[in-house]
Amino acid sequence: MTAPAGTPSAALLLLVAAGGLFAASGLAGLALPRRSRWGARIATGAISIGSLLGLAGGFLALGGDAGGELALPSPLPGLRAALGAGPLAGFFTLPVFLVGGLGALFGAGHGTPHGGRRLRLCYGLLLAALTFIPLARDGITFLVAWEVMALTNFFLIATEESDAAVRRAGWIYLLYSHVTILALFALFLLERLLTGDFAFAPIAADAPAGLRTAVFVLALVAFGIKAGAMPLHSWLPAAHASAPSHVSALMSGVVIKVGIYGLVTTLGLVEAPPLAWGVTLLALGSLSALFGVVFALGQHDLKRLLAYHSIENIGIILLGLGLAMVGRSLGRPDWTMLGIAGCLLHVWNHALFKSLLFFGAGAVVHATGSREIDLAGGLARRMPATAAFFLLGSVAICGLPPLNGFVSELLVFLGLVGAASAPATAWAALPAPVLAATGGLALACFVKVYGIVFLGTPRSAAASAAREATPLELAPMAVLAFACVVVGAAPGFVAPAIESAAAAWTGERLPRLAEVAPLGSISIAALALVAAGALAVAAIAPLCRRARRRQPALPTWDCGYAASSPRLQYTASSFAELITSQFAWALRPHVHAPRITELFARPTSFHSQVDDTVLDRLLLPAARAALRATASLRALPQGQLQRYILYILAVLVPLLVWALVGGGGE
Amino acid sequence: MSAGWLVHLVALALVPPLLLGVIQKTKAVFAGRRGSSVWQPYRDLLKLAQKEVALSATTTWLFWVAPAVAVVTAVAAGLLVPLASSPAPAAFPGDFVLFAYLLALGRFATAAAALDTGSSFEGMGAAREVGFAWLGEPALFFAFLALARLSGSLSLDGMLRAMEGGAWLDRTAPFVLTAAGLFVVLLAECSRIPVDDPATHLELTMIHEVMVLDHSGPLLALVEYAAAVKLFVLGALLLQVLAPASQVAGLAGLGLFLAGLVGIAIGIGVLESTMARLRLLHVPTLLIAAVLSCGFAFLLLSRPTP
Amino acid sequence: MTSLLASLVAALLLVNLVALGTSRIGTVVRAVALQGVLLGILAIAAQGDLTWRVLALAFASITLKGWLIPVILFRALRQVEIKREVEPSLGLLPSLLLGALATVLAVVAGSRLPLAETRLAPLLIPASLATVAAGFIQLTTRRKAISQVLGYLVLENGIFVFGLLLVEAMPFLVEAGVLLDLFVGIFVLSIIIHHINREFASLDTRRMSLLKE
Amino acid sequence: MTLVPVLLPLAMAVVVFLTPSKLWRPRLLAATAAAHFAATVAIVAGEAPAGAGAWLRLDAPGRLLLGVVSLLFLACAVYSVGYLRYRVERENRRFCACMLAALGSMSLVAYAQHLGLLWVGIEATTLATAPLIYFNRTARSIEATWKYLVISSVGIALALLGSFFVGYAALLGGGEASMLFGDLLASAPSLSKPWLRAGFTLLLVGYGAKLGLAPMHTWKPDAYGEAPGVVGAILAGGLTSCAFFALLRLTQITAAAGEGVYARRLLVVMGLVSMAVAGALMLGQRDLKRMLAYSSVEQMGLLAMASGLGPTATFATLFHLVNNAFGKGVMFFAVGNLHRAFGGKTTVEVHGGLRRLPLSGTLFFLGLFAVTGSPPFGPFVSELLILQSAFGAGRWIVGGLFLAFLLLAFAGMGATTLAALQGRPPRSARRSVYRERFTTCAPAIVLLGLVLLFGLHLPVPIRTLIEDAAAALAVGP
């Protein structure tokens with residue numbers, strides 16, 4: 001049911017209006033003087049309205065009101081530029097509006113640091129770019145929106161650019177995003193070669209295999225870097241850690257999903273994809289999931305830890321996509337449906353709980369003044385609401401019932417284990433145990449984060465003086481938490497959206513989601529679990545309340561140790577030491593253990609740090625080697641004029657001889 | 001309330017403490033003592049239920065909610081596992097994932113509660129618990145894969161009850177390997193001897209016991225009961241892999257099933273009496289062995305049949 | 001007429017070698033001046049009919065290369081008070097031998113290349129290539145800035161010789177333009193030499209290697 | 001009237017040289033530039049074939065070259081007015097005169113239809129720009145000027161020899177020997193092949209020295225590094241365009257004579273080598289102007305490689321040439337401003353540029369993205385088309401290397417630019433007298449606006465101008 005190409009549909013107009021509002025939101029701030037509060041208010045207002053418009057447009061687009069294109073001025077007649085809203089576009093823009101709008105509220109409440117005007121401008125432009133990328137119907141608009149996203153993302157990362165680490169993170173991000181741009185150059189040109197046009201046209205099955213593989217590899221590199229899949233992920237942790245919290249929430253929750261959008265649409269274009277593609281995606285997904293969480297375990301910077309978890313969740317999304325591609329190659333529509341449904345639902349779920357966690361982290365960092373979780377502790381008593389929301393986010397991200405993370409992981413599991421029933425496809429089930437192990441490790445990681453940051457006794461003065469987040473900061477968290485519970489308890493609500501997006505993916509006939517996945521049972525199980533839990537808690541609540549009243553100041557029994565101090569508690573590295581030592585071969589932790597040499601040991605310190613292995617052991621040494629190589633090349637000319645003329649002669653004489661005698665292939 | 005729900009709830013409510021009692025009785029007999037009676041755990045639970053709760057000042061609401069969550073998740077997991085003749089009441093395709101993740105939710109709550117007290121002992125217990133438990137997950141899932149491969153069904157109920165007795169004979173190796181893997185997972189989950197020593201009082205060596213050090217009164221009762229239910233549930237799972245005796249219907253089948261569970265409890269007791277606790281750093285190797293054995297079982301089964 | 005032509009070309013080649021062989025810059029300037037004059041006469045000799053255009057062209061190149069440029073160079077020489085090209089990077093004898101070798105190669109190349117007609121080309125093309133080679137040798141082996149300018153001049157003369165073959169293709173205006181550019185180039189170079197001397201207190205280009213990575 | 005663009009600047013150069021007042025010279029310079037631009041627009045827009053006789057005629061490529069040179073020079077002239085106000089301690093008599101002489105000679109090149117005349121024009125540009133490089137009167141600028149002059153003169157002498165070779169090839173081919181482009185094109189098939197190939201090689205090396213293709217690029221970092229920003233803009237935008245058009249005409253003649261394969265293979269190899277050398281030498285570069293010089297070497301390599309991809313890529317090559325001219329203009333103006341504000345041009349003195357000069361800093365940053373071919377700027381579209389013709393012709397290796405060198409260039413330039421723009425400005429910079437004025441920032445903003453406009457929607461008149469030039473130049477296999 002696509003309207004004729006000429007008339008843009010209502011959904012498209014709403015989405016474009018939202019994008020326009022976002023782009024303009026920051027401009028007002030530029031005109032007003034730096035200190036005036038009005039710039040911030042206008043920006044937040046514009047983004048909120050834009051988000052509401054966008055949400056309406058997104059739901060309309062999802063509801064099948066697709067079709068209709070809005071032509072744009074194209075640089076040259078040969079290159080057509082247009083915007084169009086389809087179900088997939090609707091699906092991937094909804095998180096942008098939800099998280100973007102809430103992020104603006106959180107930012108306003110948070111009182112953003114200096115550079116507010118530039119921050120607001122880039123935040124608005126980033127949201128606009130994120131809205132227009134899924135709407136782009138051709139290569140040119142896609143690339144322009146992609147570059148605007150990359151640029152504004154860079155400025156947002158480098159907000160506190162006086163700090164050298166932030167500059168380094170920004171520069172590494174910029175380099176990686178330029179690689180994606182160049183890869184996209186080649187990708188869209190190959191697509192134009194195969195399909196005759198820059199627009200996203202399906203690539204025929206009989207196209208030359210070499211070019212189709214090239215399309216796959218380029219799409220994997222370009223969108224894999226943007227999504228942060230392992231081994232292309234090295235820019236992500238530092239970038240997300242150095243950006244302001246509400247921006248990190250947007251980047252982690254939504255911006256990396258653009259990479260997934262690109263991968264999904266490009267792979268959707270290819271007809272009858274070879275099996276090898278699905279297997280590669282499954283392998284990459286497993287790698288990203290497992291090692292994403294393993295690296296997260298080694299971190300003790302709160303936002304870096306959450307960034308690594310984004311890599312883990314991207315791994316899960318890639319597993320879903322890989323399963324879908326295997327299903328398409330082997331002609332199993334039920335696996336395809338399960339895979340793509342798991343992939344798309346996890347995109348939404350991750351956008352919800354990851355933004356919730358980053359907002360929580362933002363409140364914590366704002367309260368304690370540092371991202372170091374070893375300096376926090378006992379914040380639950382001082383910031384009860386933030387603690388509760390962070391706990392809910394943690395349970396959701398570990399994929400534990402009754403919340404939304406569990407639903408999408410269940411879909412992926414169903415597909416993977418389903419593959420085990422037939423002997424020929426048993427290998428497709430191998431990622432299931434890896435995903436289970438990832439779940440176990442994620443549990444370990446989030447028990448560590450929640451336990452050390454929110455529970456126990458405060459480890460620093462700042463932590464003990466922490467104050468609860470402002471209502472404007474808590475509201476977004478509440479909305480996201482509510483969304484997580486709703487999707488977890490009633491996945492049936494989102495099933496139609498997923499089905500329409502899945503149908504629009506490759507146009508193949510796919511079974512309905514309810515046929516392949518037990519959505520009803522999941523809802524019942526979730527509700528029953530919550531009800532039983534509430535019942536049990538209600539039973540023992542009076543006992544505990546009485547205990548609290550009778551002995552309010554009972555200290556924790558610590559075997560009668562006289563001078564117990566908060567530093568006795570477990571820290572991040574000690575908590576995860578068991579697992580990081582098992583994965584030491586991959587993490588390569590830098591451990592500065594004290595060596596006691598004198599008789600009377602002086603005060604020493606222990607410090608362990610896990611840096612990004614791919615970046616520090618592979619890429620940086622390679623870069624340094626390249627620099628040394630060019631340095632030797634640079635020494636060649638040594639500034640002597642005669643030597644320069646000799647170079648010219650050295651080139652000229654052989655060429656002349658070749659020209660006069662050889663002759664250029666008469 | 002159909003018959004299935006009734007049987008399950010009653011079994012889950014009453015039987016678990018009995019298994020603990022049987023284990024302790026076996027260990028006592030092995031040590032040449034008379035030991036406490038088999039029904040002693042029931043008396044302990046009742047005693048604890050009447051006691052007063054002591055809550056430390058540093059703990060938050062999570063501390064006393066966690067035991068409730070542990071019990072609920074254990075019981076819910078129990079409802080997913082069939083008990084010999086009576087099918088699992090809450091079965092649905094994909095419930096094995098819910099089963100594993102319910103146990104994980106219980107573990108999350110207990111470990112978080114341990115950290116809530118702010119003492120280094122509980123922190124150590126929580127770190128070890130989650131440090132080893134993640135290895136149990138892949139073993140469990142390899143086992144599920146093997147069972148799914150055998151039965152072709154995606155629900156625990158289907159997996160365990162679909163196999164007729166004969167299946168054991170022509171494919172003994174995968175069964176033995178899966179059962180061995182599941183047994184190790186059971187020992188790890190319920191903190192029995194080779195992985196953890198429930199009866200020790202030296203905090204430095206404990207894993208599970210030290211996490212619940214600060215729970216008192218009814219909270220401790222709930223925790224003990226949850227541990228018992230987990231033992232019962234995993235025991236039931238293991239039993240139906242070892243001896244798929246679902247042909248005997250009705251009460252006789254249930255009786256046979258309970259006898260089997262008591263047999264497993266005795267086995268655990270014998271194992272605990274004859275074996276010392278593994279060094280802490282060797283526990284992961286044991287669990288990796290479990291993963292490999294279940295994995296190997298699955299590989300054996302997924303060979304293309306000639 | 002061809003015997004005059006042949007002798008002029010031989011003289012030209014000889015002057016090349018003289019310019020390469022001597023270390024006194026004064027001599028090199030005079031040699032280059034002589035080369036300019038020879039070129040002028042060669043221009044007249046090469047053309048059959050003596051139109052006013054050819055005469056004017058020859059006269060212009062003689063006055064320019066024979067008199068005006070040497071005057072500028074001598075004035076620059078006086079300000080710099082150096083007389084001798086001290087230890088060029090490649091010794092005088094080797095550069096002389098190299099010049100001779102280049103001339104031989106030029107002649108060999110000239111004979112093997114396809115030529116239009118037999119009268120002018122077999123003489124002028126080898127001469128031109130040889131002079132160009134001599135110019136390059138002078139440029140790349142000498143140290144003093146003035147010697148490099150002289151090398152450039154020899155190079156230009158070589159190209160001018162080749163230009164004689166195509167007199168009718170080159171309109172007068174263009175020919176004059178080439179000469180004018182040459183003159184202005186030398187003029188600017190001499191100004192730069194003056195500034196080099198004032199700044200570096202010597203014309204040795206080895207000292208001028210500040211700019212490198 | 002038609003030769004106004006050539007004669008007006010030369011005449012005004014003399015007038016400006018003689019005007020005594022130091023204040024009026026820049027204004028006269030700007031006025032002449034404006035007049036020149038007006039004349040150019042009139043001529044380019046008008047259909048009348050401009051020119052006198054067969055040697056000086058403005059054909060389609062000439063129109064495009066004149067348009068680009070004129071607009072760029074206008075921007076440079078306006079910038080010079082503001083720039084010279086900050087350099088009152090320097091005598092600007094020779095500066096303004098040589099600027100106008102450069103404009104005159106560049107216009108001459110646009111008009112030249114004769115190989116010899118083309119050579120005279122380009123040699124004149126070299127001589128006119130030499131004193132401009134020497135404007136700062138430091139030991140380093142003398143050395144830069146000396147190297148620039150000697151290498152360029154030697155290069156162009158080789159080009160003259162090459163022109164004579166081509167003339168001689170025509171002579172050998174029977175018929176009267178003429179060095180007019182029209183005649184050469186007409187008698188192309190009958191040209192003697194070895195002489196033509198040797199001629200093309202000499203011309204490629206000769207004009208390649210003017211372009212700064214490797215290995216003849218050694219003078220470029222020194223010359224651009226020591227010259228004032230505005231001179232760098234003229235060198236990088238104007239002179240290189242003139243030399244490149246000369247090279248394009250020669251390629252056309254060689255292709256018409258059946259030696260297209262030889263010429264194109266040479267161009268592609270030399271282009272890729274230049275991009276590789278430039279990319280390698282840019283890594284770890286700390287001097288902003290030398291970085292821009294290497295970027296210019298890389299862009300010239302890109303253009304040479306693109307022109308070697310055959311007739312399909314001609315439009316893209318010319319479009320990229322226009323983008324590069326204006327893009328480089330923006331970068332050099334911004335670097336000039338940074339140099340004045342920070343009193344230095346290496347990343348040691350220059351850091352915190354965005355804070356000290358918000359406007360110039362942003363222009364420099366956006367210029368980086370424009371020059372390295374990021375959407376939505378013009379070079380992105382032209383590089384996309386160049387890559388498309390490379391992939392279309394199935395030349396995967398060339399396309400792959402092309403993308404790799406673009407990344408290398410971005411890595412080199414990005415590191416230096418960010419080091420200069422981010423962080424906190426040193427105290428000495430905050431106290432320096434330089435303030436951002438209209439004249440020093442407006443030209444950069446206009447040029448960047450143009451480059452952005454070309455990226456978003458190439459206006460029709462400019463597109464037809466480029467298409468006509470491409471049609472005139474693209475001949476043969």
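**View 1. Two helices of chain D side by side.** Helix axes here are lines fitted to C-alpha atoms over the stretch in contact, and angles run from 0 to 180 degrees between N-to-C directions. In this predicted model, take helix α1 (residues 4–18) of chain D and helix α4 (residues 93–111) of chain D: their axes come within 8 Å of each other and cross at roughly 165°. Angles over 145 count as roughly antiparallel, so α1(D) is roughly antiparallel to α4(D). The crossing of this pair, α1(D) and α4(D), is left-handed. On the α1(D) side, the residues making the contact include D:Pro5, D:Pro9, D:Leu10 and D:Phe17. From α4(D), the contact draws on residues including D:Arg93, D:Leu100, D:Gly104 and D:Tyr111. Sort the residues of the α1(D)–α4(D) contact by class and you get 15 nonpolar, 2 polar and 1 charged.

View 2. Now look at helix α8 (residues 193–211) of chain D and helix α10 (residues 229–282) of chain D, which pack with their axes 9 Å apart at an angle of about 150°. That angle makes α8(D) and α10(D) roughly antiparallel to each other. Here, too, the crossing is described for α8(D) and α10(D) as left-handed. The contact of α8(D) with α10(D) has 17 nonpolar, 3 polar and 4 charged residues.

**View 3. Two loops of chain D.** Begin with the loop between α8 and α9 (219–226) of chain D, where D:Pro215 sits. The peptide bond joining D:Ala214 and D:Pro215 is cis, with omega about -10°. Then move to the loop between α5 (115–133) and α6 (139–172) of chain D, the place to look for D:Arg137. Phi of D:Arg137 is near 55°, a positive value in a residue other than glycine. Is D:Arg137 buried or exposed? D:Arg137 counts as exposed, because it has 11 C-beta neighbours inside 10 Å and the cut-off for exposed is 12 or fewer.

**View 4. Around A:Gly488 in chain A.** Helix α18 (residues 471–489) of chain A holds A:Gly488. How many C-beta neighbours does A:Gly488 have inside 10 Å? The count is 27, so A:Gly488 is classed as buried; the cut-off for buried is 20 or more. Leaving out residues up to four places away in sequence, A:Gly488 touches A:Pro402, A:Leu403, A:Asn404, A:Phe406, A:Val407 and A:Ala526. A:Asn404 is 84 residues from A:Gly488 along the chain, yet their C-alpha atoms are separated by 3.7 Å. The peptide bond leading from A:Pro401 to A:Pro402 is cis, with omega near -10°.

**View 5. A:Leu193, touching both chain A and chain D.** You'll find A:Leu193 in helix α6 (residues 164–195) of chain A. Which residues does A:Leu193 touch, not counting those up to four places away in sequence? They are A:Leu211, D:Phe391 and D:Gly392. A:Leu193 has 17 C-beta neighbours inside 10 Å, so it counts as partly exposed. For a sense of distance, A:Leu193 and A:Gly78 are 115 residues apart along the chain, and their C-alpha atoms are separated by 14 Å.

**View 6. The loop with A:Arg588.** A:Arg588 belongs to the loop between α23 (584–587) and β3 (590–592) of chain A. Phi of A:Arg588 is near 50°, which is a positive value in a residue other than glycine. With 14 C-beta neighbours inside 10 Å, A:Arg588 counts as partly exposed.

**View 7. Where chains A and B meet.** Of the 4 pairs of chains that touch, chains A and B have the most contacts. Their contact takes 63 residues from chain A and 63 residues from chain B. On the chain A side, the elements that give two or more residues are α13 (379–382), α15 (404–419), α16 (431–454), α21 (519–550) and α22 (572–582). By class, this side of chain A has 45 nonpolar, 15 polar and 3 charged residues. Chain B has no contact with chain C, and the closest C-alpha atoms of those two chains lie 54 Å apart. No contact joins chain B and chain D either, with their closest C-alpha atoms 42 Å apart.

**View 8. Chain C on its own.** Chain C has 7 helices and 0 strands. Its radius of gyration is 18 Å, close to the 17 Å that the globule rule gives for 213 residues, so chain C is as compact as a globular protein of that length. Along its principal axes, the C-alpha trace of chain C spans about 50 × 35 × 35 Å. Of the 213 residues of chain C, 46% count as buried.

Key. Residues are numbered from 1 along each chain as its sequence is written. Chains are lettered from A and ligands numbered from 1 in the order in which they are written. This is a predicted model: local features need pLDDT of at least 70, side-chain atom pairs count only at pLDDT 80 or more; totals for chains, interfaces and linings use all residues. Helices (H or I, at least four residues) and strands (E, at least two) are DSSP runs, numbered from the N terminus. Two residues are in contact if their C-beta atoms, placed from the backbone, lie within 7 Å. Angles under 35 degrees count as roughly parallel, over 145 as roughly antiparallel, 65 to 115 as roughly perpendicular and the rest as oblique. A crossing is left-handed if the near helix is turned anticlockwise from the far one by less than a right angle, and right-handed if clockwise. Ala, Val, Leu, Ile, Met, Phe, Trp, Tyr, Cys and Pro count as nonpolar, Asp, Glu, Lys and Arg as charged, and the others, Gly among them, as polar. The radius of gyration is taken over C-alpha atoms; the globule rule is 2.2 Å times the number of residues to the power 0.38.
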